[in-house]
Amino acid sequence: MTYIAKPRFNHPQAAVNALGYTRRYYEGSISTLCAGCGHDSISGALIQAFFELAIEPHRVAKLSGIGCSSKTPTYFLGSSHGLNSVHGRMPSVLTGANLANRELLYLGVSGDGDSASIGFGQFAHALRRGVNMLYVVENNGVYGLTKGQFSATADTGSKSKRGAVNNDSAIDMVGLALQLGATFVARSFSGDKEQLVPLLKAAIQHEGAAFIDVISPCVAFNNHAGSTKSYDYVREHNEAVNFLDFIAPRTEIVAKFEAGTTEDIEQHDGSVIRLRKLASDYDPHDRIAAMNYLQARAAAGEVVTGLLYLDREPKDLHAHLNTVRVPLNALGEKELCPGAAALDALNASLR
Ligand SMILES: Cc1ncc(C[n+]2csc(CCOP(=O)(O)OP(=O)(O)O)c2C)c(N)n1
Ligand code: SF4
Ligand SMILES: [Mg+2]
């Protein structure tokens, strides 16, 4: 369906941003994801964030790995630079692009399988090096694209669609991001755009390694008997689902919270995510306190969301390496090849 062009018609009174662009200008191709997939909501939130920030799409480079989540850059910012790389390798491709040209805004989109399994090392090194980027993990606890195997973020004791129990320990992406030195760390939920859009906007504008773990339900493989959103239940109540099979036209999970409260949200498989909004006295500038808080709340079965940590004076990889400001493709032959004397001097300095 990505080959189907979206209608170009714009309502004459559609809102425009500071650049005079409508929201449509920030959209991409028509999504091929399952109806109701949380990943589509995240795409919508990213569109909203870039629209509201009035960023020229050609200033953005979107990179991803492999997975349903990694497909999503096709569905937003259709005029931006983009590369759908290899499974788990988005971080190193993004790092290389960033080193070659620091003038673009880098957006890495990945999945829990892409980043917490095959790309685990890549994820870790991009964050510890302080690559200036927004790294979004669309976290559904399964390998959606390969039909719903447990991913490494699946909680101990959680059940697969077929009722198998996951006995492995879960990898907590935000806990790792904090430990690895990311300078902006947040967690959100795809059904809560009111929370997610401002977090995305802040992270896009952050000049360092920004990481957001977005809990994003998989409607196709996060179901089980007894859920009011399971296949069986919907088949009994909705003919259209029989026709569409597993791409059931479900609505997004929408959640609203008061600051400092918790709320249980039933996922499509009937399991419950307990979300906790940050209390108003939470200090997002204390990395160690944030790590302790997250661990304690996780042990109590809660998923903490919001801005978890912010370094107000971040340094990025270019600052660490003292690189040139000019994009490499704008350097002349003289700078790129300074001659034998410069090479001799460099070699001598390393002896
Ligand atoms: C090297 C390699 N190994 C395995 C695969 C098969 N594969 C494709 S996507 C995927 C997992 C995707 O899971 P996730 O990143 O969580 O994305 P989701 O589909 O859940 O959004 C796997 C194992 C692959 N494409 N390449
Ligand atoms: S399989 Fe799951 S993750 Fe993939 S598009 Fe469908 S609902 Fe989304
Ligand atoms: Mg996944």
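Contact here means heavy atoms within 4.5 Å. This is a predicted model, in which local features need pLDDT of at least 70, side-chain atom pairs count only at pLDDT 80 or more, and totals for chains, interfaces and linings use all residues. Residues are numbered from 1 along each chain as its sequence is written, chains are lettered from A and ligands numbered from 1 in the order in which they are written, and side-chain values use heavy atoms, with hydrogens and water left out.

**View 1. I171 and the residues it touches.** I171 sits in the loop between strand 6 (149–150) and helix 6 (173–180); helices (H or I, at least four residues) and strands (E, at least two) are DSSP runs, numbered from the N terminus. Setting aside neighbours within four places in sequence, I171 is in contact with A116, F120, A152, T153 and L176. Take T153: 18 residues away along the chain, yet the two C-alpha atoms are separated by 4.9 Å.

**View 2. Around ligand 1.** Of the 17 residues around ligand 1, S69, D112, G113, D114 and G144 come nearest (near means that a heavy atom of the residue lies within 4 Å). Now for some N or O pairs (a polar contact is a pair of N or O atoms within 3.5 Å; within protein, one must be able to donate a hydrogen and the other to accept it, and residues adjacent in sequence count only if both atoms are side-chain atoms). The side chain of S69 has an N or O atom 2.7 Å from a ligand 1 oxygen, while D114 places a backbone N or O atom 2.7 Å from an oxygen of ligand 1. For the side chain of N140, the distance to a ligand 1 oxygen is 3.1 Å.

**View 3. Helix 1 and what follows.** Just after helix 1, A54 takes a positive phi of about 55°.

**View 4. Two loop residues with positive phi.** L77, not a glycine, has a positive phi of about 50°. L77 belongs to the loop between helix 2 and strand 2 (81–84) and is buried, at 1% relative accessible area. N322 isn't a glycine either, and has a positive phi of about 55°. Its loop runs between helix 11 (317–321) and helix 12 (333–336), and N322 is exposed, at 68%.

How values were computed
Buried means under 20% relative accessible area, exposed over 50%, partly exposed in between (1.4 Å probe, protein chains only).
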